[in-house]
Every structure is written in C-alpha cells, then in structure tokens.
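Open the structure in your viewer and keep the sequence beside it. Each stop below says what to select and what is there.

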Amino acid sequence: MKQKMQLVVKKLKGAANINNGVLLVAVLIASACIWSTIEAIQNNFSLQQKVDTLTQEVTIDELQNKTLVLQKAYYSSDQYLELSARERLNFANPGEK
C-alpha cells in the first residue's frame, strides 16, 4: 500500500510542471472571459426587453393621443352638435316629425 502511495505522489510531482501550470492559468482566464460574456449577453437581453416594452408603451400612448384628437374634432363638429341636439333636446329639421 505504501508503495502505491509513493507511485501516485511521484506521478503527481511529474505532472506538476510549468506547462500544466500555464495551461491551468489559461483555462481559468478563458473561463472568466466566457462567464463575463454570458453575463453581458444576459444583461443586454434584459435591457432589450425593457426597450421593447417601452417602445410598445410609447406606440400605445401615441395611438391613444391620436384617438383623443379625433374625438375632440368630432365633438366640436357640426354633425355631433346636430345629432346631440336631436337626441337630447328632441330637435328636428323643418318638415321632420
């Protein structure tokens, strides 16, 4: 058993050379770069969703504004005044019953 342990220790010492150390550092740096890239992609995706939501809200607000402008124009038109007077005040044109 003691001999097996000594063989394992010798193999580990042989494997722990400068090339493996450099490779380990390179792998750690690459992992850190990949991790930060993934975080940036997730952040950009989240921000793009917020931009899309706000763009949709602006579009809805613009449509509501246009609707209100059209309603204002209709309520100030002669047609609306005539229809409103006929409906609420029972007005009629000459010759109508």
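Is E82 buried, partly exposed or exposed? Select E82 to begin: its relative accessibility is 40%, so E82 counts as partly exposed, given that buried means under 20% and exposed over 50%. Keep in mind throughout that this is a predicted model.

**The salt bridge**

The structure holds one salt bridge. Both E82 and R86 belong to helix α3, where they sit four residues apart, or about one turn of the helix. R86 has a relative accessible area of 26%, so R86 is partly exposed.

**Helix α3 as a whole**

Now select residues 78-89, the 12 residues of helix α3.

Colour Y80, S84 and A85, which are the buried residues of α3. Looking down the axis of α3, you will find the buried residues within an arc of 130°, so they line one face of the helix. What do they pack against? Show α2 (18-75), and you have the partner of the buried residues of α3.

Turn to the face of α3 that points away from the buried side: there you find the exposed residues D78 and Q79. Then step just past the end of α3 to N90, which takes a positive phi of about 55°.

Go back to S77, in the loop between α2 and α3. Which backbone atoms does its side chain come up to? A polar atom of the S77 side chain lies 2.7 Å from the backbone oxygen of Y74. The S77 side chain also reaches the backbone nitrogen of Y80, at 3.3 Å.

**The aromatic cluster**

Finally, select Y74, Y75 and Y80, which ring pairs link into a cluster. A pair of aromatic rings is described by the distance of the centres and the angle of the planes. The count of aromatic pairs comes to three. In the pair of Y74 and Y75, the ring centres are 5.6 Å apart and the planes stand at 50°, so the pair is tilted. Y74 is partly exposed, with a relative accessible area of 36%. Y75 is also partly exposed, at 45% relative accessible area. Y80, by contrast, is one of the buried residues of α3.

Note on methods: Residues are numbered from 1 along each chain as its sequence is written. This is a predicted model: local features need pLDDT of at least 70, side-chain atom pairs count only at pLDDT 80 or more; totals for chains, interfaces and linings use all residues. Side-chain values use heavy atoms; hydrogens and water are left out. Helices (H or I, at least four residues) and strands (E, at least two) are DSSP runs, numbered from the N terminus. The expected span of a helix is 1.5 Å times one less than its number of residues. Buried means under 20% relative accessible area, exposed over 50%, partly exposed in between (1.4 Å probe, protein chains only). The arc is that of the directions from the helix axis to the C-beta atoms. Contact means heavy atoms within 4.5 Å. Rings of Phe, Tyr and Trp (its six-membered ring) pair if their centres lie within 6.5 Å; planes under 30 degrees apart count as stacked, over 60 as edge-to-face and the rest as tilted. A polar contact is a pair of N or O atoms within 3.5 Å; within protein, one must be able to donate a hydrogen and the other to accept it, and residues adjacent in sequence count only if both atoms are side-chain atoms. A salt bridge is a side-chain nitrogen of Lys or Arg within 4 Å of a carboxyl oxygen of Asp or Glu.
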